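Biologist: I would like to learn how to read salt bridges in a model. Could you take me through one case?

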Amino acid sequence: MKDEIKGKAEEIKGKVTGDRSEELKGKAHQAEDKTRRAVRDIRDDVKEGADKAKEEHDREREAETVRERRSW
């Protein structure tokens, strides 16, 4: 979020001063921040999915163990 705000400030500064390179640098900072947040969101979603799959696997394995004990 910090880079997005910094980038927006650079972009506005570039527009006000007419410095196209400063404006583009600001836009690049904003895009970088958005990309970083998107990657973090994807990583969190994958981790959450993996955790759910592991919990389900553990529950199934426990259920199998209980069935094996009862068959004696």
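**Reading salt bridges**

Modeller: Asp3 is buried, because its relative accessible area of 18% is under the 20% cut-off. Keep in mind that this is a predicted model.

Biologist: Where is Asp3 found?

Modeller: Asp3 sits in helix H1, which covers residues 2-17. Not counting residues up to four places away in sequence, Asp3 touches His29, Gln30, Asp33 and Arg36.

Biologist: Why can side chains pair at all?

Modeller: Side chains of opposite charge can pair when their charged atoms come close. Here, Asp3 forms a salt bridge with Arg36, and the closest N and O atoms are 2.9 Å apart. The pair links distant parts of the chain: Asp3 belongs to helix H1 and Arg36 to helix H2 (residues 20-70), 33 residues apart.

Biologist: Is Arg36 buried or partly exposed?

Modeller: Arg36 has 35% relative accessibility, so it counts as partly exposed.

Biologist: Which residues are linked with Asp3 in a network of salt bridges?

Modeller: The network links Asp3 with Glu4, Glu32, Asp33, Arg36 and Arg37.

Biologist: How many salt bridges does the count come to?

Modeller: The count comes to 13 salt bridges.

Terms used
Residues are numbered from 1 along each chain as its sequence is written. This is a predicted model: local features need pLDDT of at least 70, side-chain atom pairs count only at pLDDT 80 or more; totals for chains, interfaces and linings use all residues. Side-chain values use heavy atoms; hydrogens and water are left out. Helices (H or I, at least four residues) and strands (E, at least two) are DSSP runs, numbered from the N terminus. Contact means heavy atoms within 4.5 Å. A salt bridge is a side-chain nitrogen of Lys or Arg within 4 Å of a carboxyl oxygen of Asp or Glu. Buried means under 20% relative accessible area, exposed over 50%, partly exposed in between (1.4 Å probe, protein chains only).
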